[in-house]
Amino acid sequence: MVMKWRTIVSVLWLLCASGAQAADYSPWQAQGDSIPEPLAGLQGDAGRGEQVLRDRRRGNCLACHQLPLPEEAFQGTLGPPLHGVGKRYGTGQLRLRVADMRRLNPDTLMPPFHADPQTLNRPLFPGKTFLAAQDIEDLVAYLATLKGPMPPPSSLRHGEPLPPAEQRPVSGYALLEPDMQAMQDDEFENPGFMTVDAGRQAFHARHEGGGRCADCHGEDGRKFDPASIAAYPKWDEKLGRPLTLQARIRRCRQERLGRSPLPYDHPRLVALETFVRHLARGEPVRVKVDGPMRPHLEAGRRLWNTRFGIADFSCADCHDRAAGQYLRGQWLSQGQANGFPEYRLKTGKVTSLQTRFTQCLKKFYAKPFPQGSPEYRDLEIYVMSRGNGLAIETPAIRY
Ligand code: HEC
Ligand code: HEC
Ligand code: HEC
């Protein structure tokens, strides 16, 4: 147990990158593959540039690039190593690459650090860009000093690309260390089971002489069909729209028990959802993708592929194209949903799928959609269906 918590603590330390940053935009003009004039006529400083580059709340360049900074333990492999970049490019070329790589490669995974805010979708900070003009000039001054050779190829662990989810879904479980997997599997060590128990209690609770969930669905939910639980989100004939498992529970709670409505992702609903979905543990996810579900699935797929926020990322950028790579020491998975609601070590909380969507969107400084919105519902349909065939793991453990 001591060993386990030590692993967890080091991982927590690793993940403490956060704290949003936003800066004013100084317009620039590109010529070919370069921005010849310094932004706002400012002068760069290489020493400050190195600080910006190391700072996780600012450049966070090491999240994706290797640099000749051997004391930095966790360097990413999503982008090319930056060794020798000052020899390969002039300062104008470096400036355009750091300001807005999309000009050179519209599909790039590199965030535009000083982009025209009008080219950004749903930014959390409207009208702002990521880094200040001075930061860009400092970075360019630092990068221009990098003239050394490329690193030997085996100096870091490289992520193996994962297969596309549509070919072969891979659960995030496969990316956990063996002691974390053992913790998830062990009902007594898995902290998510505290929420299962809270949900079980709510399921059997009687309020002011009213009914209980268990009155209709059996003691311990024995009358539920696990295969049917594993098929959520599901089409509802009466309502003429799809329902997530939590939305279904919420309706039952209001309509069949007459309880007052709770907002989507209220902890009590999440606990009930955790309890009910855990009854389908081991059952393969089987979301219907045809018939009336089809248009919702397609809407969810469009959202998955849409770029958002001042970092201009889509879900697909990280969970399809970069799946299997390291993002600053964090191994990117396919973003599967078969373990939700799941226990996150980072927050110490059981987290619903839609809360996870919000956490990912905020991670790249995009404005989240409201919990329970049609957008999140459709995204949930698409994300769950990408994992059709994976075993339900609720409550999973993840970082
Ligand atoms: C999310 C990942 C990511 C982050 C963060 C990131 N980059 Fe990149 N970067 C890339 C990728 C991927 C490329 C390859 C170019 C492409 O996508 O076409 C790249 C390319 C570059 C290049 C051109 C390298 C070459 O050899 O052509 C430079 C210079 C660069 N990045 C600098 C930076 C700096 C400086 C930062 C921090 C302010 C940074 N990058 C942050 C992903 C990233
Ligand atoms: C008075 C009886 C009754 C009570 C009480 C009740 N339900 Fe239901 N529940 C139903 C019926 C009937 C359905 C079938 C769907 C429908 O027509 O609404 C259902 C469907 C469900 C489903 C979907 C099952 C599936 O396989 O698709 C879930 C999950 C569920 N209820 C959870 C709950 C929870 C949790 C509670 C307590 C908060 C609850 N129900 C309280 C009658 C009840
Ligand atoms: C900048 C990269 C990045 C982007 C973009 C991103 N995520 Fe994530 N996401 C992560 C990281 C890092 C994790 C935790 C490690 C992992 O499972 O990949 C994660 C985890 C997840 C998980 C949990 C996986 C599991 O096994 O528990 C889901 C679901 C998810 N993301 C969905 C999304 C959705 C939906 C979007 C688009 C709205 C999105 N992500 C965009 C980085 C990203």
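How many residues surround ligand 1, and which are the closest? In this predicted model, 25 residues surround the ligand, the closest being Cys 61, Cys 64, His 65, Thr 108 and Met 110, where near means having a heavy atom within 4 Å of the molecule. Local features need pLDDT of at least 70 and side-chain atom pairs count only at pLDDT 80 or more, while totals for chains, interfaces and linings use all residues. Residues are numbered from 1 along each chain as its sequence is written, chains are lettered from A and ligands numbered from 1 in the order in which they are written, and side-chain values use heavy atoms, leaving out hydrogens and water.

Polar side-chain atoms approach ligand 1 at several places. His 65 places one 2.8 Å from a nitrogen atom of the ligand, Arg 88 has one 3.2 Å from an oxygen atom of ligand 1, and a side-chain N or O atom of Tyr 89 is 2.6 Å from an oxygen atom of ligand 1. Helices H3 (85-88), H4 and H5 each give two or more residues to this shell; helices here are DSSP runs (H or I) of at least four residues, numbered from the N terminus. H4 provides the largest share, three residues.

Turning to ligand 2, the shell holds 18 residues, of which Cys 213, Cys 216, His 217, Ser 228 and Cys 252 come nearest. A side-chain N or O atom of His 217 is 2.8 Å from a nitrogen atom of ligand 2. Oxygen atoms of ligand 2 lie 2.5 Å from a polar side-chain atom of Ser 228 and 2.6 Å from one of Tyr 232. Helices H8 (213-217) and H10 (245-255) each supply at least two residues of the shell, and H10 gives the most, with five.

At ligand 3, the iron atom is coordinated by His 319 (NE2) and Cys 360 (SG) at 2.1 to 2.2 Å, donors being N, O and S atoms within 2.8 Å of the metal (3.2 Å for Na, K and Ca). The six donor atoms make angles of 86 to 178 degrees, and the site is octahedral, a label for six donors whose opposite members are over 155 degrees apart with all other angles between 65 and 115. The pair joins distant parts of the chain, with His 319 in helix H13 (residues 315-321) and Cys 360 in helix H14 (residues 353-363), 41 residues apart. His 319 counts as buried because its relative accessibility is 15%, whereas Cys 360 is partly exposed at 21% (buried is under 20% relative accessible area, exposed over 50%, partly exposed in between, with a 1.4 Å probe and protein chains only).

How values were computed:
Tetrahedral: all angles 85-135°; square planar, octahedral: opposite > 155°, others 65-115°. Polar contact = N/O pair within 3.5 Å; in protein donor to acceptor, adjacent residues only side chain to side chain.
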